[in-house]
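Hello,

Here is the structure I promised to pass on. Please look through it first; my notes follow below.

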Amino acid sequence: MTVHLFEQKLKNILKSILGSAHAQSRGAVSAFCNSDLSFGDYGSNILFLIAKKKKISPQDAYYLIATYLEKIPEIASSSFKNGFLNVTLHERIFFQDIKTIIRTPKAYLCSDIGRGKKIIIEFVSANPTGPLTLGNARAAVLGDALSKILSFSGFRVTREYYVNDRGVQTEMLAKSTKAALGIIDEEEAFYKGAYVKDLSLTYAEKIKKTDDNAALGKYLADIILESYIKQHLKAFGTQYDKFFFETELYRSNLSKKVMAHLEKKNLVLKKDGAVWIALTSIGDPKDEVIIKSNGEFTYFWSDILYHYDKVFIRKSAVLNLLGADHLDHARRLKSVFEKIFSVSPHDFRFIVYQMVNLVKNGEIMRMSKRKGNFITLDELLSETGIDPIRFFFLKYSPDSTVEFDMNVAKKDSQENPIWYIHYASVRMRKILEKAAALHHLTVSPRSDLAKAFHPLIKNELYAPLIRRIHQLPDLVTGIARDLHAHALPQWFYEFSKQVHAFYEKEHVVPDIIADEEQKNLIKQKLIFVQALHNILLLGIDLLGLTAKQKL
RNA sequence: ACCCUCGUAGUUCAAUGGAAGAACAAGAGACUCCUAAGCUCUAGAUAAAGGUUCGAUUCCUUUCGAGGGUACCA
């Protein structure tokens with residue numbers, strides 16, 4: 001067991017102190033990293049719980065358990081404030097942290113809470129009927145961050161893009177190109193973006209001679225996937241392990257198999273010439289069509305098959321990132337898998353993020369591919385670059401609607417918080433470079449780091465930083481559990497702030513070193529600077545940003 | 001009409017039922033020093049009303065306001 005994840009350990013210890021008698025009563029015991037480190041490294045509500053149970057004051061509760069706490073090897077001291085229990089960690093925990101960060105930086109953030117479980121994280125999955133837009137960027141950023149964090153946390157992650165390469169929308173794309181060529185009349189529902197015009201001109205011959213709109217649609221969808229979507233994802237730095245095509249689902253007997261399963265459970269019925277799945281019988285408000293009266297399978301049916309494949313054939317947990325416009329669809333799918341296929345909600349999770357609205361001249365406009373009123377990911381990147389967009393979207397909770405103003409974004413990308421983080425890392429690097437160039441002092445991963453760092457742990461410029469760093473593994477595993485990725489940019493911004501303050505107050509490398517004693521102290525400080533630098537680089541990587549050599 | 005999300009500082013956002021925190025904008029300041037895209041300080045907020053709780057921005061009820069959904073579209 002590493003020194004990491006003391007949060008969970010403390011919680012377990014406190015639980016046992018509280019005793020099993022109290023476990024089932026309301027109000028669970030908590031242990032958390034303190035944001036205000038002057039209280040101590042970790043806090044807990046345990047005193048409130050004991051106080052209530054024994055009808056004593058929280059302060060008396062503290063005296064009751066203080067002796068237990070003294071026996072925990074990681075804890076140096078504990079205190080009582082505002083009814084909370086606070087504990088401060090022993091210094092050797094921080095030495096251990098520094099050692100790991102210098103020797104194996106990535107390992108510092110890795111844990112095994114995933115226990116090798118397979119998880120398919122599906123994100124973006126925009127229809128291949130047009131280029132990716134602003135809203136897709138939000139999903140891409142979130143998907144990237146969560147994939148990374150889940151991998152760090154011991155999950156076996158597959159990043160997947162589901163391609164709807166059949167159905168009404170694909171046929172609509174075919175018809176839209178025909179309308180653009182003047183072969184058929186324009187309709188309200190057709191796609192109108194400039195790319196439709198481009199596509200229709202480039203592939204005019206093929207479009208003219210293909211009567212089968214489904215076949216033409218599939219043909220064009222593949223082109224859009226390859227020459228727009230994949231290119232833009234690559235430019236944005238988002239990678240996938242697998243592109244899964246909807247048409248693949250119907251190449252095996254999967255559809256028959258799942259249908260038979262549902263029929264056996266009496267969940268399939270015929271009505272109005274169509275085939276329905278009887279969701280009302282599992283408590284849903286409405287039944288849902290799975291085969292249309294024209295004999296075609298619906299998107300909902302495909303999605304049942306697709307997720308059946310994920311869960312039962314590939315034996316993976318499911319994590320889907322969906323826009324709010326798919327919310328009810330997600331709810332129905334969850335219903336099917338939890339109630340009919342008895343999948344645990346824990347292995348079938350959705351993050352539904354709210355919409356991204358485009359603001360132009362102070363007015364909110366709903367983006368629409370059909371109306372041709374949207375900003376593509378491509379355009380966005382050429383205006384602002386990758387990093388500002390990534391940071392911009394990642395900082396929002398999925399629950400909040402994002403209003404995106406291109407004018408503000410352009411201005412913002414010049415004064416973006418990401419520069420603040422990059423700058424902190426560059427500053428640390430400059431210190432290390434100066435020490436190497438001027439005094440031939442470098443930080444060796446092989447030296448006895450823990451011992452070397454010893455005198456600095458009580459220094460008020462150094463101690464708060466290392467104690468803040470100690471909280472990062474808890475944050476990362478917390479995100480792997482609760483998926484609140486937006487905590488990441490916040491943490492790294494705050495951390496960078498502390499690094500800048502440190503830089504301003506502490507002049508690490510003087511031009512002239514007087515004696516051996518001073519040299520040794522500088523060596524120790526450099527170990528610390530190296531650790532800060534490593535942490536910032538880890539953060540830049542986790543946030544999906546590109547490390548900068550200089551600004 | 002019903003379902004979901006949201007309402008926090010002038011603005012944009014945070015806060016597993018726990019000690020309301022940032023950024024931008026505003027005001028003040030320091031710096032001949034590893035690049036100031038930086039640092040230090042000040043002021044400022046939980047839509048309204050009830051309820052549960054030792055404790056509510058968070059949970060429940062109602063009202064008001066914003067967005068999304070309620071297709072044989074995806």
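**What I found**

Four bridges join strand β13 (residues 356–360) to β15, and the two run parallel. Strands here are DSSP runs of E with at least two residues, helices are runs of H or I with at least four, and both are numbered from the N terminus. Two strands pair if DSSP finds at least two bridges between them. Leu 358 stands opposite Phe 404 in β15.

This is a predicted model, in which local features need pLDDT of at least 70, side-chain atom pairs count only at pLDDT 80 or more, and totals for chains, interfaces and linings use all residues. Residues are numbered from 1 along each chain as its sequence is written, while chains are lettered from A and ligands numbered from 1 in the order in which they are written.

**The sheet around β13**

β13 belongs to an open sheet of three strands, ordered β14-β13-β15, with mixed pairing. Its edge strands are β14 (363–365) and β15 (402–405), and each pairs on one side only. Ignoring direction, neighbouring strands of this sheet are turned by 40 degrees against each other on average. Axes are lines fitted to C-alpha atoms, for helices over the stretch in contact, and angles run from 0 to 180 degrees between N-to-C directions. Helix α7 (residues 134–152) lies across β13 and β15, at about 135 degrees to β13. Contact between two residues requires their C-beta atoms, placed from the backbone, to lie within 7 Å.

**The cores**

A residue is buried if 20 or more other C-beta atoms lie within 10 Å of its own, exposed if 12 or fewer, and partly exposed in between, with C-beta atoms placed from the backbone. A nonpolar core is a set of buried Ala, Val, Leu, Ile, Met, Phe, Trp, Tyr and Cys residues joined through C-beta atoms within 7 Å. The largest has 111 residues; Ala 137, Leu 142, Ala 145, Ile 149, Leu 394, Leu 532 and Leu 543 touch the most other members. Its largest share, eleven residues, comes from α7. Not counting residues up to four places away in sequence, Leu 532 touches Met 428, Leu 465 and Val 499. A second, separate core has 18 residues, including Phe 6, Ile 13, Val 87 and Leu 89.

**Other strands**

β6 (residues 156–163) is mostly covered, with six of its eight residues buried. Five bridges join β5 (residues 118–122) to β6, and these strands run parallel. Ile 119 stands opposite Val 157 in β6. β3 (residues 75–81) and β4 run antiparallel, joined by six bridges. Ser 77 has Thr 88 in β4 as its bridge partner. Two residues lie between the strands of this hairpin, where Asn 82 takes a positive phi near 50 degrees.

**Chain A overall**

Chain A has 23 helices and 15 strands. Its C-alpha trace spans about 85 × 60 × 45 Å along the principal axes. Of its 551 residues, 38% count as buried.

Best wishes
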